[in-house]
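Welcome! Here is a short briefing to read alongside the sequence and the 3D view.

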Amino acid sequence: MTGFITTERDEGIVTLTLNRPEKRNAISTRAECDEVVDAVEAIRRDDSVRVVIVTGAGSAFCAGGDLKGMRDRTGITQGDTAAEMRESYRRGIQRIPLALYELDVPTIAAMNGPAIGAGLDLACMCDIRIASEKAVFAESFVKVGIVPGDGGAFLLPKVVGMSKALEMSLTGDPINAAEALACGLVSRVVAPEELLPAARTLAAKIAANPPQAVRLTKRLLREGQHLRLSTLLEMSAAFQALAHDTRDHREAVAAMLEKRAPSFEGR
């Protein structure tokens with residue numbers, strides 16, 4: 001059996017593909033959670049990576065969890081007691097948002113098909129979401145009598161606002177790609193055959209910019225969701241000082257003044 005995650009690299013752009021199409025890329029085991037976390041941690045340690053694309057193999061992005069595993073209390077939902085179940089979540093699927101959401105490298109979710117439950121939350125861990133016209137989305141935990149256990153209660157309201165997040169979470173009803181675009185869940189909807197090319201074009205535009213400035217900008221936007229303006233301004237001043245001190249900043253200014261293409265080193 002191939003790994004749950006396949007990794008493809010093109011220059012500084014890394015594509016992570018959930019690779020269990022026969023089960024619609026559902027996250028079923030702790031080993032699969034470990035694969036996702038290990039792939040993200042490898043990216044974190046590699047300064048040459050500039051953008052990450054996350055997508056799914058086959059017809060689905062990620063169908064969430066494994067219903068048979070839930071029934072049998074195996075895989076990521078193993079545990080005979082509530083205390084054991086709690087630890088199963090903490091040591092398993094909850095490690096994914098802690099790794100992916102906090103990654104400094106910009107991330108793009110390219111949703112080729114259904115993103116359901118934990119699959120939708122996985123997409124919300126990414127910075128930018130684009131979708132195929134065939135994609136559907138559901139925060140469907142309530143439909144199986146559980147709550148969002150992998151960070152969805154934190155992530156989804158930040159993406160679509162509290163009212164829409166509550167509507168999706170309390171009904172569990174799916175929405176299509178057009179509705180996802182209207183509520184801001186995704187920033188772009190494209191034909192299925194255009195999804196990965198569109199994601200790669202977007203990734204290339206991001207990767208063409210000075211990587212340290214890109215990472216610092218992402219961190220400011222992330223922190224700006226939680227901080228007071230005065231605190232964010234202090235952080236911005238510190239980050240700006242770091243950016244001004246890079247070779248890439250000096251190269252960017254020189255290239256503009258000299259009317260030529262810049263050459264960035266990531267330093």
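Asn-25 sits in the loop between strand 2 (13–18) and helix 1 (30–44); helices (H or I, at least four residues) and strands (E, at least two) are DSSP runs, numbered from the N terminus. This is a predicted model, in which local features need pLDDT of at least 70, side-chain atom pairs count only at pLDDT 80 or more, and totals for chains, interfaces and linings use all residues. Residues are numbered from 1 along each chain as its sequence is written, and side-chain values use heavy atoms, leaving out hydrogens and water.

- Most residues other than glycine have a negative phi.
- Asn-25 has a positive phi, near 60°, and is buried, with a relative accessible area of 0% (buried means under 20%, exposed over 50%, partly exposed in between, with a 1.4 Å probe and protein chains only).
- Lys-259, in the segment after helix 12 (247–257), also has a positive phi, near 55°, but counts as exposed at 77% relative accessibility.

**Cysteines**

- The structure holds 0 disulfides, a disulfide being a pair of cysteine sulfur atoms within 2.5 Å.
- For Cys-124, the closest cysteine sulfur is in Cys-126, 8.9 Å away, so the two are too far apart for a bond.
- Cys-124 is buried at 3% relative accessible area, and Cys-126 is buried at 1%.

**A helix pair**

- Helix 10 (residues 211–224) meets helix 11 (residues 229–244), and residues in this contact include Leu-216 and Arg-219 in helix 10 and Phe-239 in helix 11 (contact means heavy atoms within 4.5 Å).
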